[in-house]
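Here is a friendly walk through one protein chain and its packing. Please keep the viewer open as you read.

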Amino acid sequence: MRKTLLLTTCLLLTQLSSFGQAVEERSIDETIDSIFTPISNFATSIIFYPLLTIQGVEVPFILLWLIIGAVFFTFYLNFINIRGFKTAIDIVKGKYTKADDPGEVTHFQALATALSGTVGLGNIAGVAVAISMGGPGATFWMIIFGLFSMSSKFVECALGVRFRDEHADGTVSGGAMYYLRKGLAQKGMGRLGIFLAGFFAVMTIGASFAGGNMFQINQAAEQVIGITGGEDTFLGQQTWAFGLIVAVLVGIVIIGGIQSIARVTEKIVPFMCGIYLISAIAVIIVNIGQVPEAFARIVEGAIGGNAMAGGLIGTLIVGMQRATFSNEAGVGSAAIAHSAVKTSEPVTEGFVASLEPFVDTVVVCTMTALVIVISGLYEGETDGISLTSDAFATVISWFPYVLAIAVLLFAFSTMISWSYYGVKAWTYIFGDSPVSVIAYKVIFCGFIVIGASVSLEPLIGFGDGMLFAMSLPNIIGCYILVPLVKKDMQSFLRRIKEDEIEVYK
């Protein structure tokens, strides 16, 4: 596995070395894009290979894999996504947590770190992509899948804490790599667990470079360039320079590890969500009379006459795909951040993690969708962050400047969180030495520069490919180990009911 990843890195570096030869004929941005696009197309063709075709629409196996998993966990845990909501809030507030519990960060910090990795440009640009490709109806399926995916998050994050490694210095390492290896070994499937854990780690590294990094900086750069004069400016012609500036800032934060990341995200996440949601609410209030019609378009586009006539499957697929990219439920990424929480009750972090898809997809994505649908601009040619920006600007002319700030914060927080996910996967394969950690962080920052320069379409394909591939081993492990989660969940809820758990706040 190590040899394969090293070989891949060498090949990538060989490709990057061609910049010097190509720069005389093409700009640096064009050269980066020409190298990255075929890599993205290859990854996408494998990960999203269609399992079947319905009404002329190709249905990739990976999407069915995620949907079926989320629905199964919801029914198996007796709709814990709904009935455990209040308990989750209490845990985030610290009601059942002792100050000296093992771990590195509080429940709120773990939630903020994980949310900073999910509440990002997937909620802004991703929703715009979904609506421009699948129409307003895609929003409906994003919401539905967001509710079911709360259960997937519950399972994977409870397992992440249950099977984490606690080191002598007080730090911890956790995530799907660990519960796949250790959990399946307990079930007598040690070899399968080792293979699945290694595959997951490699895909996590790829996803940290792509969806958790390059997509974020790409859309942030587009928004900043759009409000500073467009493509004819220096940044417009040399977007790699913008990426370089952000890479330096990200590097400063991620050197400090999870505690440094948590301190930053617990401040950024509430602030950036507040800015964005207040702006969205303002647009909705101004157009309050159009809100019922907007919801009607969303429902009609999802299950109405036009959808049943042939667009249902396409709309559903787009909605589910963008929802997964947005909240990452079933992928296993958030379990890495949640594993660092201070707790002696692993299942408590399952409750906390279940809040992520609700905040991310049901609340933030719905707000974005309403603004876009009300504007009616989704019927044009604009997509991605530009569509969202233009939709807000129909009511708040200066909002693109506010959005630029929000986008930078979204992108920055997502990148620093995903750097933590990636470094944990990297050290799982290459070892936890200082040299190994620094090597990953340098490469990660290098991909920020690359991400600022490539075009959106191949970036979405590559990011989706790596992210969705993580779900293959992760959900297999969750199916096998979910009985342990259910047992812990039932015990915890029973002890709360019988006042056997001490209350601290």
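## The model and its overall make-up

This is a predicted model, in which local features need pLDDT of at least 70, side-chain atom pairs count only at pLDDT 80 or more, and totals for chains, interfaces and linings use all residues. Residues are numbered from 1 along each chain as its sequence is written, and side-chain values use heavy atoms, with hydrogens and water left out.

The protein has 23 helices and four strands; these are DSSP runs numbered from the N terminus, with helices (H or I) of at least four residues and strands (E) of at least two. Of its 505 residues, 59% are buried, where buried means under 20% relative accessible area, exposed over 50% and partly exposed in between (1.4 Å probe, protein chains only). Contact means heavy atoms within 4.5 Å. Among contacts between residues at least 6 apart in sequence, 83% join residues at least 24 apart.

## Two helix pairs

Helix H4 (residues 61-76) and helix H9 (residues 137-162) have axes that come within 8 Å and cross at roughly 75°. That makes H4 roughly perpendicular to H9. Axes here are lines fitted to C-alpha atoms, for helices over the stretch in contact, with angles running from 0 to 180 degrees between N-to-C directions. Angles under 35 degrees count as roughly parallel, over 145 as roughly antiparallel, 65 to 115 as roughly perpendicular and the rest as oblique. The residues that meet include Leu66, Ile67 and Phe73 in H4, and Phe145, Phe148 and Val155 in H9.

Helix H18 (residues 346-353) and helix H19 (residues 355-375) pack at about 10°, their axes 4 Å apart. H18 is therefore roughly parallel to H19. Here Phe351, Val352 and Ala353 in H18 meet Leu355, Glu356 and Pro357 in H19.

## Salt bridges

Eight salt bridges turn up in a search of the whole structure, each being a side-chain nitrogen of Lys or Arg within 4 Å of a carboxyl oxygen of Asp or Glu. Asp165, Arg181 and Lys182 are linked in a network. The side chains of Arg181 and Asp165 meet at 4.0 Å, N to O. Arg181 lies in helix H10 and Asp165 in strand S3 (residues 165-166), so this pair ties together parts that are 16 residues apart in sequence. For Lys182 and Asp165, the closest N and O atoms are 2.7 Å apart. The relative accessible area is 28% for Arg181, which is partly exposed, and Lys182 is also partly exposed, at 25%.

Another salt bridge joins Glu345 and Arg495, again with the closest N and O atoms 2.7 Å apart. Glu345 sits in the loop between H17 and H18, Arg495 in helix H23, and the two are 150 residues apart. Arg495 counts as buried at 17% relative accessibility.

## Inside the fold

Where does Met489 sit? Its place is in helix H23 (residues 456-497), and Met489 is buried, with a relative accessible area of 2%. Beyond its neighbours within four places in sequence, Met489 is in contact with Leu77, Ile80, Arg83, Phe154, Val347 and Phe351. Met489 and Gly350 are 139 residues apart in sequence, yet their C-alpha atoms are 8.8 Å apart.

Ala334, in helix H17 (residues 334-338), counts as buried at 0% relative accessibility.
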